[in-house]
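Please open the structure in your viewer and keep the selection panel at hand. The stops below take you from one part to the next, saying each time what to select and what is there.

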Amino acid sequence: MIQSRRALPPLNALRAFEASGRRLNFRAAAEELGVTQGAIAQQVRALEDQLGLMLFQRLPRGLALTAQGAAYLSDVTRAFDMLGEATGRLLARPETVTISVTPTVAAKLLIPRLAELYSALPDVDLRTVATETLSDFDRDQVDIAVRLTSQAFPAALEARLLFRQELVAVASPHLVKGLTLPLSGEELCKLPLLHDSHDRWGVFLRIREKLPGAAFNHTTLALDAALAGQGVVLACRAFVAADLEAGRLVQVTDATATIGADYFLVRKRSSSPRKAVDAVWDWCATRLSLA
């Protein structure tokens, strides 16, 4: 037969003892716990029998703790307090909100602001899914998404414009050291050009031929290469705004190009939206938006 790891009295008996010890009255303890006075007295007597100790002195007008009862009450009360605190922490766990974003949005806009988000929304636990794949709100259990599209959204979805996709050519200041900015298109083509999976240099420079240069399957990789001084990259202004402001990147030409697809904050419409989702939605609409 397997022995219990802990030799504990019944929980109801401990509750009866702890309430009686605080109140020093079986009737008051019974009212607190919602049972009869006789049930409290019986539970305490059973606890004393199990322990082989007298915990209370029964007086005409109430109870008095014995020395052993007082010491035991202190420990039992502390144990109940710990259980209450543990339960409170469990119930106070931050509510999880899942947001689906592209890797570039995650790396350049969301992750740098996570500390700010958690400071503003301490009761939210944000789960970020960084993917180029279009997430399904139901199948993937996504609450909010940032989507790049030029198409109208169906009525079942709520969408808010975050920013237009304005492309700018940027590079490390070390790469263009000694050059006079802004560069002309001809001068720009003499520099190493970095290509991401969208490869919009032809549209930006209004030429048809394929331009040479290192290619990357993610915009974030091309941006990292530009920060390392490896070449000039085309990027959405929103993704390089912080680097431009900090001087880690410089805009090398005044030319820009606005591509048709825009970045939207999207979620399913709901008649009873979760407060945590509303809070993250409002925060993203404010802090990630350039519209």
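## A tour by selection

Begin by selecting E18, which is buried, with a relative accessible area of 10% (buried means under 20% relative accessible area, exposed over 50%, and partly exposed in between, with a 1.4 Å probe and protein chains only). Before going on, note that this is a predicted model, in which local features need pLDDT of at least 70 and side-chain atom pairs count only at pLDDT 80 or more, while totals for chains, interfaces and linings use all residues. Residues are numbered from 1 along each chain as its sequence is written, and side-chain values use heavy atoms, with hydrogens and water left out.

Next, colour residues 9-66, the span at which UniProt, in an unreviewed entry, places the feature "domain: HTH lysR-type"; UniProt positions are given in the numbering used here, feature names are shortened, and annotations may be inferred rather than shown by experiment. The span is 62% helix and 14% strand, and its end C-alpha atoms lie 19 Å apart.

For the next stop, select E116 and R287, whose side chains meet in a salt bridge at 2.4 Å, N to O. This pair links distant parts of the chain, since E116 lies in helix α6 (residues 114-120) and R287 in helix α11 (residues 275-287), 171 residues apart. E116 is partly exposed at 33% relative accessibility, and R287 is partly exposed at 32%.

Then select R274 and D143, which form a salt bridge of 3.0 Å, N to O, between their side chains. R274 is in the loop between β10 (257-268) and α11, and D143 is in the loop between β4 (124-130) and β5 (144-149), so the pair ties together parts that are 131 residues apart in sequence. A search of the whole structure finds 18 salt bridges.

Move on to strand β3 (residues 95-101): five of its seven residues are buried, so the strand is largely enclosed by the rest of the structure. It pairs with β4 in the parallel sense over seven bridges (two strands pair if DSSP finds at least two bridges between them), and two bridges join β3 to β5, which also run parallel. Select I99 to see its bridge partners, T128 in β4 and I144 in β5.

Now select K108 in helix α5 (residues 103-110), a residue that is buried, with a relative accessible area of 18%. Leaving aside neighbours within four places in sequence, K108 is in contact with R113, L223, D224, L227, F239 and D243, where contact means heavy atoms within 4.5 Å.

Finally, colour the model by pLDDT, the predictor's confidence in each residue, from 0 to 100. The mean pLDDT of the protein is 92, and 97% of its residues reach 70 or more.

Methods. Helix = DSSP H or I, 4+ residues; strand = E, 2+ residues; numbered from the N terminus. Salt bridge = Lys/Arg side-chain N within 4 Å of Asp/Glu carboxyl O.
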